Amino acid sequence: MHTILSKIESSPIIPVYYHDDIDQCIAILTSCYNGGVRVFEFVNRGPEAHNNFKALLKYRDENFKDLKLGIGTIKTKQQALDFINIGAEFIVSPIVKAEIADVTLKNNILWIPGCMTPTEISVAEELGAPLVKLFPGDALGANFLKGIKPLFQSLKFMPTGGVSLDEANLLAWFQAGVSAVGMGSKLFNGPTESEENNYIENRLQKAFQYIESLK
């Protein structure tokens with residue numbers, strides 16, 4: 001668990017992605033890796049989620065041994081178990097749920113619950129989550145984190161949802177004290193498909209440079 005947390009903090013942009021087509025998933029994973037990503041969240045949002053995640057783990061093992069792969073949009077204990085059993089290295093939820101906390105802790109797997117209020121953050125903390133997903137990030141904003149972070153000094157935070165790769169947006173979040181950002185449509189929406197992979201790679205490299213400039 002601590003190894004994953006360290007990896008997240010050293011590679012603090014986490015792509016959040018799903019596609020039915022495994023070839024497209026592999027292309028995106030490769031592009032993100034080439035852009036500097038070392039932690040990747042596939043999401044349980046379609047009929048091929050289980051099969052494609054399994055295939056991505058195999059591809060990772062053969063090509064990107066230092067990449068950590070987790071699964072998101074996990075809402076039940078059984079979903080968590082299903083993906084832990086095929087090799088998920090961390091579990092991300094849009095909600096706070098005790099049964100998911102329990103099964104991840106028992107398996108020594110990092111659980112990142114989604115929270116929107118101080119009460120939800122407090123419950124996540126009590127359930128043993130060391131890192132909390134602020135969701136949706138764009139609705140909450142960096143000022144929300146500035147306000148609540150002093151109340152939860154032992155927790156790490158990661159906004160997801162509406163976070164962009166723009167320098168000003170990234171710097172606002174990291175200056176507010178996040179440990180990482182989750183990046184979905186703002187990362188993947190771009191030019192035509194033929195240009196897409198290189199586009200993603202270049203944008204990620206620039207974004208990592210912005211974050212590095214703060215250190």
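Let me start with a charge over a ring: K133 lies over the face of F135, 4.8 Å from the ring centre. By that I mean NZ of Lys or CZ of Arg within 6 Å of the ring centre and within 35 degrees of the ring normal. R38 does this too, over the face of Y33, at 3.7 Å from the ring centre.

A word on the model. It is predicted, so local features need pLDDT of at least 70 and side-chain atom pairs pLDDT 80 or more, while totals for chains, interfaces and linings use all residues. Residues are numbered from 1 along each chain as its sequence is written, and side-chain values use heavy atoms, without hydrogens and water.

Now the aromatic pairs. There are 6. Rings of Phe, Tyr and Trp (its six-membered ring) pair if their centres lie within 6.5 Å; planes under 30 degrees apart are stacked, over 60 edge-to-face, the rest tilted.

Take Y18 and F42. Their centres are 5.4 Å apart and their planes at 40 degrees, so the pair is tilted. Y18 sits in the loop between strand 1 (13-17) and helix 2 (22-34), and F42 in strand 2, so the pair ties together parts 24 residues apart in sequence. Helices (H or I, at least four residues) and strands (E, at least two) are DSSP runs, numbered from the N terminus.

Next, F42 and F53. This pair is stacked, 6.4 Å centre to centre, with 20 degrees between the planes. F53 belongs to helix 3 (residues 49-63), 11 residues from F42.

Which residues form one aromatic cluster? Y18, F42, F53 and F83.
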